[in-house]
Amino acid sequence: MIRADAVSKAYRDATALDGVCLDLPAGGLTALVGPNGAGKSTLLGVIGRLTRADFGLVEVGGMNVVAARSRDLARRLAVLRQDNHLATRLTVAQLVELGRFPHCGGRLGPADRAAIERAVAATGVGPLAHRFLDELSGGQRQRAHIAMLFAQDAEYVLLDEPLAALDLRHATELMALLRAACDQDGKTVVVVVHDVNYASAWADRIVALKDGRVVATGPPAELVQSDFLSALYGTPVRVVDTGGWPLAVYHR
Ligand SMILES: Nc1ncnc2c1ncn2[C@@H]1O[C@H](COP(=O)(O)OP(=O)(O)OP(=O)(O)O)[C@@H](O)[C@H]1O
Ligand SMILES: [Mg+2]
């Protein structure tokens with residue numbers, strides 16, 4: 001499970017998180033949504049110990065994330081940041097290998113190589129393996145980072161706007177991959193998305209954040225509703241029933 005209890009975080013002139021309480025069971029796909037500046041990245045950062053909260057408690061799989069040893073945390077929790085532009089003079093293959101560092105400390109064994117192979121196959125970055133990161137397109141670089149994340153093979157996976165640079169096919173394939181990671185491997189995945197239709201189609205639950213607070217948590221059928229989304233984003237959103245999941249329409 002992932003638990004946040006009364007978590008607050010303020011920057012010099014902004015309150016990013018204002019007493020956030022969150023209880024996510026182990027297993028399943030949670031989509032974190034909300035307007036720009038709502039606190040999504042800050043919350044993911046606090047859960048993943050990239051950012052220190054001012055107040056409150058965060059636990060992941062029973063570990064207090066502030067007190068946990070770095071290596072213990074990194075074996076169980078993987079985070080893809082919103083701005084993941086890591087050292088550029090690395091090849092994709094070298095980047096993906098870095099995902100195994102918490103497990104092997106840099107000396108890859110057979111289990112590490114198997115995890116790397118699985119991650120490369122699942123994300124389709126094989127043909128890019130020997131390319132340098134700074135010679136890739138934005139979406140290709142994003143997929144390389146996702147491959148690194150999968151190589152880490154952690155139980156808890158947090159992804160901050162992984163779809164942002166991806167085309168329709170790669171975005172859909174990534175959501176399918178995250179779904180399979182939950183259903184087949186029992187992972188617990190939290191993913192920040194702006195296109196609520198990805199949340200609607202793939203997530204078990206949606207957590208909506210606004211002004212540093214959790215304003216709603218529930219299954220897509222409950223939250224993907226015209227009134228709720230219009231108020232959340234402050235713009236008119238229609239919702240149509242596709243027969244499968246609710247589809248939000250907001251282009252015009
Ligand atoms: N390093 C920082 N220094 C100062 N203020 C920050 C910093 N990071 C975030 N903030 C502020 O904290 C609030 C929450 O930011 P956060 O990045 O968590 O939002 P978000 O929901 O991820 O938004 P987006 O959808 O734009 O990525 C915003 O008001 C932002 O300006
Ligand atoms: Mg963000």
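Which residues is threonine 123 in contact with, leaving aside its neighbours within four places in sequence? I looked this up in the model, which is a predicted one. The list reads Arg143, Ile146, Ala147, Phe150 and Leu177.

**Entry 1: threonine 123.** I placed threonine 123 in helix H5, residues 110-123. Threonine 123 is buried, because its relative accessible area is 10% and the cut-off for buried is under 20%. One of its polar atoms lies 2.7 Å from the backbone oxygen of alanine 119.

**Entry 2: helices H6 and H7.** I turned to H6 (residues 138-152) and H7 (residues 168-185). Their axes come within 13 Å and cross at roughly 10°. H6 is therefore roughly parallel to H7, since angles under 35 degrees count as such. I noted who makes the contact. H6 supplies Arg143, Ile146 and Phe150, while H7 supplies His170, Leu174, Leu177 and Leu178. By type, I have five nonpolar residues, one polar and one charged.

**Entry 3: the magnesium ion.** I looked up the donors to ligand 2. Ser41 (OG) and Gln82 (OE1) coordinate the magnesium ion at 2.0 to 2.2 Å. Serine 41 sits in helix H1 (residues 40-47), and glutamine 82 in the loop between strand E6 (77-80) and helix H3 (92-98), so the pair ties together parts 41 residues apart in sequence.

Key:
Residues numbered from 1 in each chain as written. Chains lettered and ligands numbered in written order. Predicted model: local features only at pLDDT ≥ 70, side-chain atom pairs only at ≥ 80, totals over all residues. Heavy atoms only, no water. Axes fitted to C-alpha atoms, helices over the stretch in contact; angles between N-to-C directions. Helix = DSSP H or I, 4+ residues; strand = E, 2+ residues; numbered from the N terminus. Parallel < 35°, antiparallel > 145°, perpendicular 65-115°, else oblique. Contact = heavy atoms within 4.5 Å. Nonpolar A, V, L, I, M, F, W, Y, C, P; charged D, E, K, R; others polar. Donors = N, O, S within 2.8 Å, 3.2 Å for Na, K, Ca; no water. Buried < 20%, exposed > 50% of the residue type's maximum accessible area, 1.4 Å probe, protein only. Polar contact = N/O pair within 3.5 Å; in protein donor to acceptor, adjacent residues only side chain to side chain.
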